[in-house]
Amino acid sequence: MVNFGNDWDDIMKGEFEKEYYLRLREFLKYEYSHYTVYPDMYSIFNAMKNTAYNDVKAVIFGQDPYHEPNQAHGLCFSVKDGNPLPPSLQNIYKELYADLGIPPAKTGELLSWAKSGVLLLNTVLTVRRGQADSHKGRGWEYFTDEVTRKLNAREKPIVFILWGAKAKAKKPLITAPQHLILESGHPSPLSARYFFGCRHFSRCNEFLARNGIEPVDWEVKKVN
């Protein structure tokens, strides 16, 4: 039984008994017992464990987790402290500096963003080592669609930050007028020219401030 340890437990009650999730669970049991899968099974839901439903100020959607060793730990775009920064995260830090003047952090662990109210949610939450998209179409998309619907239903405004096609696929589920949607290309080197200059960090905080919500602290800090 999945336990988030916060208000997501009530919000997502019943989701883990649905037929699609039971099939997904059987698939994951096989994958984790026969292959190396990232993140480890205890870190799959770290995004929701570290950012409670009522604390969400912004959502950044990733694709699927990093598929090389010692990287993925359940927060999209984030890598465990002490590991090299992946190219997409390097570009995110470049945009953050251009937008808000925050120098690139030495660490790639974005836990401080999660603690500041940013839900760092991949659209697919697991992946087989060395095989991007290997868990695509197995049920995680249904789960993250439902998370998006629950967030859309919240009265308090949220900023939905959609970088790239897989993130933008969530846009039709975000219908409530109190929320803000920000879109750009993915920060990957292949599409970063459509990402640079988006100013999503400052635009997010301006929107939050206009709505009486404390802005996100976008400075990446180590969290003990």
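Student: What makes Cys-198 count as buried?
Tutor: In this predicted model, Cys-198 has a relative accessibility of 9%, and buried means under 20%, so Cys-198 counts as buried.

Student: How do you know whether Cys-204 is buried or exposed?
Tutor: The relative accessible area of Cys-204 is 0%, which is again to be set against the cut-off of under 20% for buried, and Cys-204 is therefore buried.

Student: How do you know that Cys-198 is in no disulfide?
Tutor: A disulfide is a covalent bond between the sulfur atoms of two cysteines. The pair has to lie within 2.5 Å to be counted, whereas the cysteine sulfur nearest to that of Cys-198 belongs to Cys-204 and is 11 Å away. For Cys-204, in turn, the nearest cysteine sulfur is that of Cys-198, at 11 Å, and a search through the whole structure finds zero disulfides.

Student: Why are helices α2 and α6 called oblique to each other?
Tutor: Two packed helices are described by the angle between their axes and the distance between the axes. Helix α2, residues 19–34, packs with helix α6, residues 140–152, at an angle of about 130°, and their axes are 9 Å apart. Angles over 145 degrees count as roughly antiparallel and those from 65 to 115 as roughly perpendicular, so α2 and α6 are oblique to each other. As for handedness, α2 passes α6 in a left-handed crossing.

Student: Which residues make the contact of α2 with α6, and what are they by class?
Tutor: From α2 come Tyr-20, Tyr-21, Leu-24 and Leu-28, while α6 gives Trp-140, Tyr-142 and Phe-143. Leu, Phe, Trp and Tyr count as nonpolar, and by class the contact has seven nonpolar residues, with no polar and no charged ones.

Student: What makes Arg-199 count as partly exposed?
Tutor: Arg-199 has a relative accessibility of 39%, which is to be set against the limits of 20% and 50%, so Arg-199 counts as partly exposed. Arg-199 lies in the loop between β6 (180–184) and α8 (200–210), and its phi is positive, near 55°.

Notes. Residues are numbered from 1 along each chain as its sequence is written. This is a predicted model: local features need pLDDT of at least 70, side-chain atom pairs count only at pLDDT 80 or more; totals for chains, interfaces and linings use all residues. Side-chain values use heavy atoms; hydrogens and water are left out. Axes are lines fitted to C-alpha atoms, for helices over the stretch in contact, and angles run from 0 to 180 degrees between N-to-C directions. Helices (H or I, at least four residues) and strands (E, at least two) are DSSP runs, numbered from the N terminus. Angles under 35 degrees count as roughly parallel, over 145 as roughly antiparallel, 65 to 115 as roughly perpendicular and the rest as oblique. A crossing is left-handed if the near helix is turned anticlockwise from the far one by less than a right angle, and right-handed if clockwise. Contact means heavy atoms within 4.5 Å. Buried means under 20% relative accessible area, exposed over 50%, partly exposed in between (1.4 Å probe, protein chains only).
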